[in-house]
Amino acid sequence: MFKSVNGILHVEDVSVTELAEKLGTPLYITSKSKLESNLKAYKDAFPEAGLLYAVKANNNLSIMRIIAKKGFGADVFSAGELYMAMLSGFKPEKILFNGNSKSDEEIRMGIRTGVKFSVDSIDELYSISEIAVEEGKEVDIAFRINPAIDPKTHPKIATGLRTSKFGIPWENVLDAYRLALELPNVIPVGIHCHIGSQITELSPFVEALNRLFDIAVKLEEMGIEVKFLDLGGGLGIDYEGKGAPTPKDFAKAIMPVFEKRCRELKSKPELWLEPGRSIVGDTTILLTRVNAVKRSYKNFVAVDAGFNLLIRPAMYGAYHRVAVANKMDMPAEEVYTIVGPICESGDVLAEDRKLPKVEKGDLIAIFDAGAYGFVMSSQYNGRPRCAEVLVDGSNWFVIRERESFYDLIGKQVIPDFLL
Ligand code: LLP
């Protein structure tokens, strides 16, 4: 889906140099068929599981619509994500409202919409119960447990550690379920955890799944019918070309454990997963143009996208493959560091990469930018956000317009005394 044709990078059948000329740069470009093949890989690997796309990874409406149309549900982490998920066509009964700090307003919106909740604290449980009574509705809930498991990933995206802010310590969670049974209008039906993101070792998932079953067995003894066990998201992708487990590998690791441990229960729960990165990550490139090449203490390539548009390298030291999109057939000759236009020395997109000779005007493609790319962008340094394009075969569609200077100031208000 990303290939070189006569030395020019193509997304499906569309040349990125043509897109850059027509639409300008920077540009996020997504391959529809790559997205669809990722969705199929999950459906094939987990034909019976509840698959909830983690909206936080990429909330472009067109992209989410493709995902919703394939029958996926959604994991949302805020009222705004819920709003966007509903607009994209996700069905409320297939939406789980996650989040460790939901406001009463957000809870009310979720209850009115008819979604299920993953409850992160006892305070939240009381709020949901009270608001559900006010709204005259019954709400299906799961508790998010803190499973105290090391997912062996970057510390900033490890969420299942004992010290993490997420979830209720698994040792205490039975008390939370007991309380839920006593409170009106909340019905405990599930157990949820999410141990972290960009996880490439499968054993922590198995450990977490076992934790969920240990709790499920106890919940049945309390008379609760467990309808779903939600293992969260987190499956990593192959950013560095070193290999990463596929959904099929993931299924091979966890499904035998799931089937075996279901035998300990009277009624069989559904397995739910919340993949984000492994659905959208490798579907998208960020295309950026070279403004200057500078030979300093290093060879710097200064491009027109920086951590304002892709914060992952600056924030997590993340590695993204890069290529000179208009020189795909030329041999790598020199080592370059690709830097953005932001006034901070941390604005480095890729360090010490061997590339063909880079010149002003060349295009650099940054791969695997579909997850936590545009969604984490900002207008820092007065830079309007860039456009997004969806490619389908030889057709392409602008799915988000480039922002204008007006978007930098549109919501600002100048008090009268300054006019
Ligand atoms: N479910 C929950 C409750 C989550 O918090 C997350 C991600 C997911 C599912 C999806 O995880 P995934 O399958 O995408 O790994 N900005 C970071 C990643 C933050 C992940 C936050 N939670 C990054 O760029 O690496």
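## Ligand site

Of the 19 residues around the ligand in this predicted model, those that come nearest are S197, E274, R312, Y316 and Y372; a residue is near a molecule if one of its heavy atoms lies within 4 Å of it. By class, this shell has 6 nonpolar, 7 polar and 6 charged residues (Ala, Val, Leu, Ile, Met, Phe, Trp, Tyr, Cys and Pro count as nonpolar, Asp, Glu, Lys and Arg as charged, and the others, Gly among them, as polar).

Polar contacts (pairs of N or O atoms within 3.5 Å) include one from the side chain of Y372, where an N or O atom is 2.6 Å from an oxygen atom of the ligand. An N or O atom in the side chain of Y316 is 2.7 Å from a ligand nitrogen. G276 uses a backbone N or O atom, 2.9 Å from an oxygen atom of the ligand. On its own the ligand has 590 Å² of accessible area, and the protein covers 93% of that (Shrake-Rupley method, 1.4 Å probe).

## Overall fold

The protein chain has 12 helices and 21 strands, taken as DSSP runs (helices H or I, at least four residues; strands E, at least two). Its C-alpha trace spans about 70 × 65 × 40 Å along the principal axes.

## Backbone details

Most residues other than glycine have a negative phi, and most peptide bonds are trans. T25 and P26 are joined by a cis peptide bond with omega about -10 degrees. P26 lies in the loop between α1 (16–23) and β4 (27–31).

E12 has a positive phi, near 50 degrees, and is placed in the loop between β2 (8–11) and β3 (14–15).

## Basis of the values

Residues are numbered from 1 along each chain as its sequence is written, and side-chain values use heavy atoms, with hydrogens and water left out. Because the model is predicted, local features need pLDDT of at least 70 and side-chain atom pairs count only at pLDDT 80 or more, while totals for chains, interfaces and linings use all residues.

Note on methods: A polar contact is a pair of N or O atoms within 3.5 Å; within protein, one must be able to donate a hydrogen and the other to accept it, and residues adjacent in sequence count only if both atoms are side-chain atoms.
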